[in-house]
Each structure stands twice: as structure tokens, then as C-alpha cells.
Amino acid sequence: MIELSRNVTFGQYINNGSAITSMDPRVKIASAILLITLVSFIGSFAAFALCLLFCINLQWASHISVPYVLRSFKPIMIFLIIIYVIEVLFYYSPTQHTTLIWQWGIFAVSWEGIIRSAATIVRVLFLYYFASMLMFTTSLVDLTDGSEALFSPLQRIGVPVNALVMVLVIAFKFVPILVAEVERLMKAQAARGVRFDKGNIFRRSIKFASLLVPLFLSGFRRAEMLSMAMEARCYGSHRGWRRSKRRELRLKRYDVLALSLVIVFCIVTVVVNFVAPF
Amino acid sequence: MLEIQDVTFSYGTSEEPPAPPAVRDVNLGIDSGETIAIIGQNGSGKSTLVKLLAAILKPTHGTILVDDLRTDAGGEALWTIRQHVGIVFQNPDDQLVANTVIDDIAFGPENLGLPRFEIEERVQEAMSLLDLESYAQMAISELSVGQKQRVAVAGILAMRPRYLLLDEPTTMISGHTAKQLLDTVRRLASERDITVIHITHFMHEVSAFKRVIVMDEGRILMDGTPADVFARADELRSVGLDVPMVTRLGQRLRVQGWAELPQVVLSIEELKEAEPHHPLDSVWQGLEAGRPQGSSLHLENKSTPTRDVETTLVAGSLEDSFARSLFELRDVHYTHLRGTPFAIEALHGLSLSIPEGQTVALVGPTKSGKSTLVDLLAGLIKPASGTLLFEGADVSTTAFAIERIRTTVGVVFQSPESQIFEDTVGKDVSFGPRYKKVPLAESRRLVQESLEAVGLPYEDFRTRYTYALSGGQKRRVAIAGVLALQPKAIIFDEPTAGLDPRGRRELLELIEKLKERNNLSIVYTSSSLADVIGLADLIYVLDQGRMVFGGTPREILAHVSELAALDIALPEPAQIALALHEIMPTIRTDVLSLEELESEIEKAKTKATKPA
């Protein structure tokens, strides 16, 4: 059955009133950046275990259903598995990988390869989790205001932060719209006899490719309409133009506490990463 | 003051041959505080004209002055103009930027760089003007189209414009909601001295404006009061427009000797006001007093003997056909986005039956479950629970191949653009037959037959590019594409949305013609009764995923108060009859057409004359 929007969860904001949704967006974005840097840096499984513990707490605090979050991993899993297999097979250097399990021509499976590649995959999973948790718990406006405030120092060296953030926001706004559009096109084609669930992967990709042209056409049309509507509402960059904000971001004690907690967690994990035997 | 001086505008010049200008040689002056309606068929240049006024487009020739500022001057002037001229578009989804109501309304004032307290003040004011306070923190995606359109208007008002341009804002909303929005806008216009320019296809919306401008082929054809414009009914019809039904009725009644009526009747109120001067008024009042009090309209209608006979006849014939129903739904449930935090129950124990060979209309407000039901009937989704029988076979059993539905039932979706995949008309119509691997000669014959059935000559249209077709032609191509699949049933999902009066009339005539085909079942969804009242054999009214009531068109019209509660507007003849009921108690309110209404009024008059 044709139900695309059910499976594409990226970029959705779930307003469930949890403590995390009401946090200051600057703190949330800063924390997400810290945590993503942390998982890219660490390599020991003991440190990963700590991260997992942190994620379980985060998940609990967010009140978001676990199966829903897990489902958002589904689309990237297949890529990760393929990458894992390739990495294990090809990633081999005789000096580093001593415990060879199997070798055939250029293919080699070593114990170190398996472990190192596993660490990479775990890293990507954590990264994806933190990024999607930021999306799940932060509204678009919060994301805009937060990142504009956080990156405003860059404005001084000539980076057009406001414009870049607006591009980002609209891109996110378009994700669900495009998904709905694909669903609509698929339904229209299915009603005229196209079967998206039949045939081998090659045939299926051809069927999906046929959706691209109408999709881009309607995407461009929408983008044009939106930019026109925004300009009509006086959005645009001319000399001396500056937007103001209705909302004021104020750090609460709770936000300071949360940020300190994240920083402490990062330090502890880095220490564990160095001292842990595995 | 807005001044348009000798303005001509053409879109792009790359096309061969160059397209005619969208707006040509227009001269127009608009004073502050005026309320103006612009009417014209699709492609007459009215949208282009308001975009020119809002300085979104710049004239190819001529000048436009907004409070003495040229729209093509650029720089500071451009921003002053955009600040003073607010524009609301047809589809609110295209213009709402933020994701909550309050943030979207604040978008404009924020762009003006106003201090925080002033933004707050303007946003609160705009929300209270449009009754949006209780929605402030809601996500835009959770709102109905009508609510979204109110947010769009509030977002513009928060910028405190002097001119408010509305580009077909009521196309996607219906009945009472649309009327309410326009009433609010006009009230604001007089309270705050805002000039309002409203573009529309709906003639009944025009009467309340002070000035009406009629456009055709980029030129201004008429410019005057509604009474002036509607007096030229034949000219209006020749450019694809019409006069409101009440005006037509007024003309006919005048011909029959109602001399008290004004030359051009603009509203039901005027029709009623003409009545008290009637010498027989006292007689009617006497009759009214003699009637039993508190009897509902429904009961009064029942007492009309002719109607009873008719009802039983129709009901009888329906009963027979239930034996061969195409679809049978029993307690069907369906949830969108099942298993996510956004799950919405679209169908909530829906039971109904769609008989073979009949025309069935599904009418309901937004979010009533119509679109989900269309997907279900087209075999695109399966019910989550409950039973869906197709030609007597249970769809949920593993033995049932969903292909059976898809090959038997064709769908014409809401926006025809989404249904046209190929670049030329011939290729697009043959899409279905090619997919079914129909032999070439056979496929060619099907394409020819289908195109001709929708009134597009095969040789002329076969090689035309689909993107260059007009809205009405695209809809026809989409229908031809469905006919080429040789379906036993066709579903039309709000097919007249966005069409001008002529386009709508022609499409309804086409569907009427398809009805005559042997054994073709037609399902027609709509948010208003106007399209379906003369077309359908059977109407189901849906709300919140349930069937509220169903029956023949006449039976449906008896549910006046329920329909009003669901914001489903009555068709114009029934509206007029209902309003006249106060002064003509014997009039039947379940009239299906203008002709029926007219003869009812005549009957009511003679009945009133006799006792005198």
C-alpha cells in the first residue's frame, strides 16, 4: 500500500510538551554539537556504552515512543550494512591488522577490521540519533532563532548567517511537503496501472525515476510561490535591512543545568575513552 | 490612491510564437477606502494585475503609482510599497512561512525590523481581529484550509497595510467560512480605512462590493457598481462569467410581472424587501397564523403528496440496485500515519454502499474522510479494520488481488497536473493502455475515442504539449487518460475546484454525458452541494470519518440545520427558497434548480391569491 509519509520521519517536530521540547534552543543545538563531536572523537567501547546510557536517559526524558525513533533508523540501516561489509573486506593493512581470519586476493577479513568498522558504524548511529533527537524535540522556529543567535558571531566576518539559516529552515519545511508530493504522484500512477511493488530493484528504480521530473516541476513551482509570498511580506536583503524578533531567548536555570550536565558527561566520557582497556 | 496608467505586461518573451500580453492597455484609478471585486475567467489577467499592484511584477509598458510611488522604481520605494500593499494568495500553503500561527503572523512585522513590543502588539491585534487567539500556539499543519487562510490574512494585517489584495482567497474554502472571511475583510476595510481588492470566480461574492471590475483577455471590460455590471448579463456570459442566481431569478420574476422588483436584484434581502408592498401580504400573514407552530421544514415538505411518491420511487429503485453494489463498506476504520505521534483517524466506522451504474456524491467538509475514502475505493489503500466488499468480494482476503479494483475503477484526482506524466497529450492518454500492454492499434483507438469523448479533437490535440494546456483542458486530458483504461467506475475528486463558471459548467456537462454511458458508475466528491445536487442519484454526507446521512438529493436538502452545522452550503436555489420561506410559507425549500424554484414561487403566489 502507498503510505510513504509514514516511514519518512526525518525533520519532524513532535510537540509533546516534554522537558526537552521546552529547553532553550541554543542550549539544545550547542549540546547536540558537543555530543556529535564527542562520538566522532571517541573509539573505545566502554565510552560508547556510556553514550548508550546517556541516550537511554535522553530517550526517556523526551517521551517519544521508542519504536517510532527506531523506525527512523530503518532507511539508513541498509546503507550502513553495505558500508560495513565493504569496510571489513577492503580495509586491511598488514602492519595494523595482525589477526587475519580469512584472505582471498584483495579481500581480507581481520579481527581488527571487524572491530574498527563496528566502531565506525556505532559512531554513525549515535550521530544520527543525536541529530534526529534535535529535530524531534525542536520546532523550526526554535531551530532558526537558536542557530541565528548561536552563529551570529560569524556574521561579523561576513558570513550571511540569517540567509543561510532561512535556507535551512525552508529546506526542512519542504521535506514533508515533498514526501506528500511523491505519495500523491505515486497514487496517480498506481491508479493508472503502475505497480511500485513489482519487479526487480532495477525496474523499481526506473519507476521511481519517472516521478522525479514532475516532482521537481512542482517543487520549483512551490519554491517560486513561496519566495514571491515572502518578498511580498517584505522579506529580502537590501542594504541596511535587519529583521527583528518577536521572541526573546532567555536562559533558564534548567537550561544552564542541562548544558553543564552535557559538558560533564563529555569530559567523563573522554577520560573513560583513554583509560578503559577496550 | 492606486493609479494604473497605460499598463501592459507580458510574461517571458522566449516562447514561439510570443504569448499575448497578460495585461494590456489598462488604465485604472482606485481611491483609498474603496472595496473592489475583480472578476474574469481563468487567464483574463486579473491575478497578474494584482501582482503588478503589489510590485511583485513590473509593468512591461506604462506606470503604476502606489501613493505616488512608482512600482518599478526599486530601492526604498519598493519596500515602502510592499509594506503598504498586502497580498493574500489562493493557496495558504504557498505563503505561510513559519510553523505556528503566532510565529507566522509575526513574520511580516519582524521583516520590518520593528521593536519587540510593537511586534507583540500588532500580532495580538491581528489575531483578535480574525479570532485566532485560541490557535496562537497551534502548528499550521494542524489547521483546516479555512483557518490557514485566516492566518494568512492576519499575517498581512499585522503589517498594517493600506491596501489589501485578495487573489482568489475563497477557492479552497467553502460556504459559510468563505462568507465569514469576506465579511470580516469588508468590516476591517470600513473600520480601518483599508482599500480592499478581491479577485474571485464566485459571482455571489461580488454583490456586497461597492465597485466591480470585469476583465477579459487582459483588458478591462466593465467597471461599475454590481448593479451596473450584472445588468449586462449576456455580455458577462459571453466572457465565461455569469450573474448570481438571485439576479437571474429576479429577472425572470420581473418578466412574469413582479414590477416591485428592482432592475437588478443583488441579494435575497432585496427580493424579500420587494414583497411587503405586495397587496396580498396580509393574506399570507393570515395563512401563517393558521399553521401549526413548531413544525419543522422537513415535516412540512413531507406533506407534499407529489414528493412522497417521488421519494418512494427513487428509494425503491435504489433498493433493487443494492443487490448489485459495486462497493459495500461496513464499519471501516482507517488511520493515517499509523504508529507515529501524528496518527489521525480518518475513517471512523464508515458504512455505506455504492450501487453499480449510479452516480454517487460524497459531500463533506475538510477532514471528513473524503480523500481517504477515494484512496480506498481506488484500491490504493486497504481498510485497517472493518469490511470493504468490491463486487461482493472481500478486499482483505489474501485471495483478492488489489489489481482488480485498480483496473476497474479510474480516478480523476483533485489537481489534474499531478495526473499528467507525459509531455504530449497523446502519450499521456496512452499511458494506461501501454502499461497494460494493449496492442498498438487498439491503444490508438482507445486514445482517439477517449479524447473525443472529452471533447478534444484527436488530430488536433494528439501532439500538443501537456504543459501548455489551460486548466480546463488539463482536466479533460486527465479524464481522457482515465477513460482509456476502460473503467467500469470513475471517481472524480473535487473536479471543479479552481475552475471559473464556464469551466465548471462545461465539466459538469461532460460528466453528465459520461453518466449516460452504459453501466458506468460515477463517484463524485465535493465540499459543497451545488455541483452534485442536479447530478447525483444518491448523496452521502460525511463528517469526521462517518456517514452522517444519505439519500436522494431532495432528501438531503431536508436536513437544513445539520448541513449548516457541518458548514456545507445549500445550493443557491435552496438558499433562496429557504429565505423566502419566511414570507411565503407554502413554498417548498427542497428545490433542485432555478426552474423548480421559479415554479414554486409562482405556485406560492397563486395559492396566496385564491383565499383572497
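A residue counts as buried if 20 or more other C-beta atoms lie within 10 Å of its own, exposed if 12 or fewer, and partly exposed in between, with C-beta atoms placed from the backbone. Helices (H or I, at least four residues) and strands (E, at least two) are DSSP runs, numbered from the N terminus. This is a predicted model, where local features need pLDDT of at least 70 and side-chain atom pairs count only at pLDDT 80 or more, while totals for chains, interfaces and linings use all residues. Residues are numbered from 1 along each chain as its sequence is written, and chains are lettered from A and ligands numbered from 1 in the order in which they are written.

Look first at helix H5 (residues 145–157) of chain B. H5(B) is mostly covered, with twelve of its 13 residues buried; among them are B:Val151, B:Ala152 and B:Leu157. The cover includes strand S6 (85–88), helix H3 (101–111) and helix H6 (175–192) of chain B.

Now for a sheet: chain B has an open one of four strands, in the order S2-S1-S4-S5 with antiparallel pairing. Its edge strands, S2 (23–30) and S5 (69–70) of chain B, each pair on one side only; strands pair if DSSP finds at least two bridges between them. Two bridges join S4(B) to S5(B), and B:Leu65 stands opposite B:Arg70 in S5(B).

Chain B averages 85, but pLDDT stays under 50 over residues 279–322 of chain B.

Note on methods: pLDDT is the predictor's confidence in each residue, from 0 to 100. Two residues are in contact if their C-beta atoms, placed from the backbone, lie within 7 Å. The expected span of a helix is 1.5 Å times one less than its number of residues.
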